[in-house]
Amino acid sequence: YSEMLIEEADASGLEDFGSDVGKIRDGGQRMLKLISDVVELARVESGAADVAHKEPDAHEILGLISNIDEATAELPAQAAVEDASILVVDDNTATRQLLSRRLERSSYDVKNAGSGQDALTLLEQEEFDLVLLDVVMPGMNGYQVLQHIKQDDKLQHLPVVMLSSLDDVDGVAACIEMGADDYLAKPYDPVLLNARISACLERKRLYDREEAYRQQLRMEREKSERLLLNILPQPIAERLKMGENVIVDEFPQVTIMFTDLVGFTPLTAVLKPEKLVALLNKVFSAFDSLVEQHGLDKIKTTGDAYMAAGGLLQPVPDHIEAVVKLGLDMLKVISGLCDEEGQPFELRVGVDTGPVVAGVIGTSKLLYDLWGDTVNTASRMESHGIPGAVHVTAPVYEHLKGRFEFEKRGLIPVKGKGEMETYLLRPE
């Protein structure tokens, strides 16, 4: 308290008053040293773990301070970290006010709490850059408040400086072990107080900057992962992130489906590019949603063609049935769309099932693709199909007969395959 009085006296030109307070300060420091020696001797002789402690009342000193002209020139203060907000927690009103005045002189934004519970309430309501926390308080003491702060995910990185007039090395060690950033003994040395506060605030500023960088990195990583998942199925993307350079898998049975918009190519000559892209985006977005609903995998789109598969990356109880149902749902969706002249769009769908090879090709523009006779046959089913129907091979029919009403198409010549027995399935 005397340090504050001396500063105010010097700033107000009251040299005699400041000199008298300086004598009181020096005598007080000698007295505190004697008291400390007596307390330590009592501890040694009695083995007591704690000694009752009560801070002196300083209301009279506060009265003197309040009489000093606030408008007088202030002593030079150490530059504060910009916009730093400090919470002072102490049950002694005089101590809180004196400490707050000193901090405000250094341009800090200061709030006060007279108890541990009040401090926790303020910490829930507002954000602070530093907490100055008294150790000895009734009810919830400083150790308990510190423990609560360090166990709170939102507050655990908040710097805390413990304050106490107890000359207790064990208490200092306990606070540091609990996560306190520093410890100051009362009465506070003004130079040391400012230095400790500035150091803690600088560490907090660096932590906040690092956390902002980490958050930015997390956002960029999430954005990159979303882009990767738009290109590759999630299981494949995860394998690439784990460091696999070459991804090639063989599957004994996968059901492949190809679709194609009938009459879409002529529209490219008459539709404006933005309308053309908007139309495809509307169709394929609806298809994407259906693929997800059926638990299947979208493979790729090429022009106005769409490719999906079942039994590949996601477990499906009956991927042949799921793919055929997907094709029927796609036909229902497309039946509600019309071209510029009001003519409804039509869709061809082809399906086959069998073994495939799957893998990632490319290094810069990655593509997860499928190869094998099953893929080629499914593509032929689409190109040789009939608009408004799902065109399937004999293996698909044999698996699903009795569950759907198929139309036997008979033997048809298929490019690269010769004559094949195929079947048609139309929406109900």
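Predicted model: local features only at pLDDT ≥ 70, side-chain atom pairs only at ≥ 80, totals over all residues.
Residues are numbered from 1 along each chain as its sequence is written, and side-chain values use heavy atoms, with hydrogens and water left out.

Let us start with the parallel sheet. Helices (H or I, at least four residues) and strands (E, at least two) are DSSP runs, numbered from the N terminus. Two strands pair if DSSP finds at least two bridges between them. Five strands make up an open sheet with parallel pairing, in the order β2-β1-β3-β4-β5. Its edge strands are β2 (109–113) and β5 (182–185), each of which pairs on one side only. On average, neighbouring strands of this sheet are turned by 20 degrees against each other, direction ignored. Such angles run from 0 to 180 degrees between N-to-C directions, and the axes are lines fitted to C-alpha atoms, for helices over the stretch in contact.

Within the sheet, take strand β1 (residues 85–89) and strand β3 (residues 130–134), which pair in the parallel sense over four bridges. Here Val88 stands opposite Leu132 in β3. Helix α4 (residues 93–105) packs on the sheet and touches β1, β2, β3 and β4 (160–164); contact means heavy atoms within 4.5 Å. The direction of α4 makes about 170 degrees with that of β2.

Now for some helix pairs. How do helix α5 (residues 116–125) and helix α6 (residues 142–151) cross? Their axes come within 9 Å and cross at roughly 20 degrees, and the two helices are therefore roughly parallel to each other. The cut-offs behind that wording are simple: angles under 35 degrees count as roughly parallel, over 145 as roughly antiparallel, 65 to 115 as roughly perpendicular and the rest as oblique. The crossing of α5 and α6 is right-handed; a crossing has this hand if the near helix is turned clockwise from the far one by less than a right angle, and is left-handed if anticlockwise. From α5, Gly116, Leu120 and Leu123 meet Val145, His148 and Ile149 in α6. By class, this contact has four nonpolar, two polar and no charged residues. For these classes, Ala, Val, Leu, Ile, Met, Phe, Trp, Tyr, Cys and Pro count as nonpolar, Asp, Glu, Lys and Arg as charged, and the others, Gly among them, as polar.

Glu225, Leu228 and Leu229 of α8 make the contact with Gln234, Ala237 and Lys241 of α9. Three nonpolar, one polar and two charged residues take part in this contact.

Helix α11 (residues 273–293) and helix α12 (residues 319–334) have axes that come within 10 Å and cross at roughly 150 degrees. These helices are therefore roughly antiparallel to each other, again with a right-handed crossing. On the α11 side the contact involves Val283, Ala286, Phe287, Leu290 and Val291, and on the α12 side Leu326, Asp329, Met330, Val333 and Ile334. The class count is nine nonpolar, no polar and one charged.

Phe287 has an aromatic partner as well: Phe284 and Phe287 form a tilted pair, 6.2 Å centre to centre with 45 degrees between the planes. Rings of Phe, Tyr and Trp (its six-membered ring) pair if their centres lie within 6.5 Å, and planes under 30 degrees apart count as stacked, over 60 as edge-to-face and the rest as tilted. Both residues lie in helix α11, three residues apart, about one turn of the helix.

We finish with antiparallel strands. Strand β7 (residues 297–302) and strand β8 (residues 305–310) pair over five bridges, with Lys298 opposite Ala308 in β8. They form a hairpin with two residues between them, and Gly303 in the turn has a positive phi of about 65 degrees. Seven bridges join strand β12 (residues 407–414) to β13, where Pro413 stands opposite Glu419. This hairpin has three residues between its strands, and Gly416 in the turn has a positive phi of about 80 degrees. Strand β13 (residues 418–425) also pairs with strand β11 (residues 389–393), antiparallel over four bridges, and Val392 stands opposite Tyr423 in β13.
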